[in-house]
Amino acid sequence: MTTGTGPIDRRTVLAGLTATAAMGATGAGAAVPAMPRAPVVISVIDVGGALALMQKAFEDYAKAKPQLVSRIVFVKAPAPELASKIKAQQNAGRADLDLVLTGSDGLAAGLEQNLWLKLLPDFAEKFPDLEENYEPAALALHKAQGDGYGVVVNYYPSGPLIEYAPERVKTVPTTAEELLAWAKANPGRFMYARPANSGPGRTFMMGLPYILGDKDPHDPVGGWDKTWAYLQEIGQYIDYYPAGTGTTMKEFGEGSRDIIITTTGWDINPRALGIVPKSAMIGTLKGFHWVSDAFFMCVPKGIPNDRLAVVLDLMAHVLTPQAQAYAYDEGYLYPGPAVRNVPITMAPQRSQEVIAEFGRPEYATLIANNPIELPLRPEKMVVAFRRWDELVGSKRPR
């Protein structure tokens, strides 16, 4: 569930490349580059956790096509470091990273700094029937968030959900007002992580405007007056905001927190791993809407065409039903597959066993009976992160 920085296979773009070749094909309707004459090394960086679901699918590709890829180097890094890392490489004329796996936070940061190569419709021929094959909610995210620069690889309805220890929380909050009152009565026992680096954290931030009946859930500047006031008030009873969700799970599992914010995947997977007790329960707050989330594949500008050709082919591979079946994993992003016709029976046996033991029957009802909203558009998400940091995160803990 945590990420760390791994070695990067550092390669320098050949001095003789023209500027156009060095930047890859970028124009509308660009031709898909020719496959390399010799196998290439591909570097994949993960800043959100997608490798927990999809690494085996990438490795299957490398085994199946040794004539194209000699090996795939996997790199992990914290999401806030992604944009600056890629920007520094591009400014130096290097192309060290070929494919980025990121949540909507990293996607937004890269779009803000113009780091991503335009993939669609430019290279649409590599992804035939892409929109027809997506699950409807995944397609909505792909269109609204990716803007042709990010391709959804995994999807889930996300949250926000509350997770609580039933042996310690005897009166479970069912409304935002009750959660605030509980936090006030139990200072330091409620926690969520910084939204800019936490799926549950940003889902909580984006879900509150629906729960609170705010003016405009899609406008974090002019439409979230109730949300910002609520987050500031409940923040008086929060000890600190961890930099990642893993810390909230660890402290909850150890018993130092009684209620945390979670999502479907962050509920199932830590219990399956033993980080959180199996007995932990989940709930929703009155007015609950799902705020969906996804992992995206992005390609940094600057990679040479021989590697770009392989990256596009690799991306197409991991969108096949057989590859998508790995996304069930151990419930990390439940359910996980972004494309249609990937039942749990296609998943590895271990995945089927974990979902059977640690999944929750109520999820099917919650998904069927509650609206599934899109997250903020990338440019507004960046604004929301900044406002949270300024209005909430920067305030001195109690």
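Here are some questions and answers about this predicted model.

Q: What makes the overall size of this protein agree with that of a compact globule?
A: Start from the chain length: with 398 residues, a compact globule would have a radius of gyration near 21 Å. The protein has 21 Å, so the value agrees with that expectation. The C-alpha atoms fill a box of roughly 65 × 45 × 35 Å along the principal axes.

Q: How many helices and strands does the protein have?
A: There are 16 helices and 11 strands.

Q: How much of the protein counts as buried, and what supplies its exposed surface?
A: Of the 398 residues, 56% count as buried. The protein exposes about 15,600 Å², and carbon and sulfur atoms supply 53% of that area.

Q: Why is Val47 called buried?
A: Buried means under 20% relative accessible area. Val47 has 6%, so Val47 is buried. You can find Val47 in the loop between β1 (40-46) and α2 (51-64).

Q: What does Val47 touch, leaving out residues up to four places away in sequence?
A: Val47 touches Ala77, Pro78, Ala79, Leu82, Leu101 and Thr102.

Q: Which residues of helix α16 are buried, and what covers them?
A: In α16 (residues 378-393), the buried residues are Pro378, Met381, Val382, Ala384, Phe385, Trp388, Leu391 and Val392. Their cover includes α4 (104-112), α6 (136-146), α8 (199-212) and α9 (225-234).

Q: What makes Arg202 and Asp105 a salt bridge?
A: The cut-off is a nitrogen of Lys or Arg within 4 Å of a carboxyl oxygen of Asp or Glu. The closest N and O atoms of Arg202 and Asp105 are 3.3 Å apart, and the pair forms a salt bridge. Arg202 lies in helix α8 and Asp105 in helix α4, so the pair ties together parts that are 97 residues apart in sequence. Both Arg202 and Asp105 are buried.

Q: Are Arg350 and Glu330 buried, partly exposed or exposed, and how do you know?
A: Arg350 has a relative accessible area of 43%, so Arg350 is partly exposed. Glu330 is at 19%, and therefore counts as buried. Their side chains meet in a salt bridge of 3.1 Å, N to O. This pair links distant parts of the chain, 20 residues apart: Arg350 is in helix α14 (residues 349-358), while Glu330 is in the loop between α13 (321-324) and β10 (336-337).

Q: Why do Arg168 and Glu167 count as partly exposed?
A: Arg168 has 32% relative accessibility, so Arg168 counts as partly exposed. Glu167 has 42%, so Glu167 counts as partly exposed too. Arg168 forms a salt bridge with Glu167, with the closest N and O atoms 3.3 Å apart.

Q: What joins Glu167, Arg168, Arg189 and Asp258 into one network?
A: Salt bridges that share partners join these residues. A search of the whole structure finds 22 salt bridges.

Q: How many charged side chains does the protein have, and where do the centres of the two sets lie?
A: There are 39 positive and 42 negative side chains, and the centres of the two sets lie 4 Å apart.

Technical notes: Residues numbered from 1 in each chain as written. Predicted model: local features only at pLDDT ≥ 70, side-chain atom pairs only at ≥ 80, totals over all residues. Heavy atoms only, no water. Helix = DSSP H or I, 4+ residues; strand = E, 2+ residues; numbered from the N terminus. Rg over C-alpha atoms; globule rule 2.2 N^0.38 Å. Buried < 20%, exposed > 50% of the residue type's maximum accessible area, 1.4 Å probe, protein only. Areas by Shrake-Rupley, 256 points an atom, 1.4 Å probe, with all protein chains shown as cover. Lys, Arg positive; Asp, Glu negative; His and termini not counted. Charge placed at Lys NZ, Arg CZ, Asp CG, Glu CD. Contact = heavy atoms within 4.5 Å.
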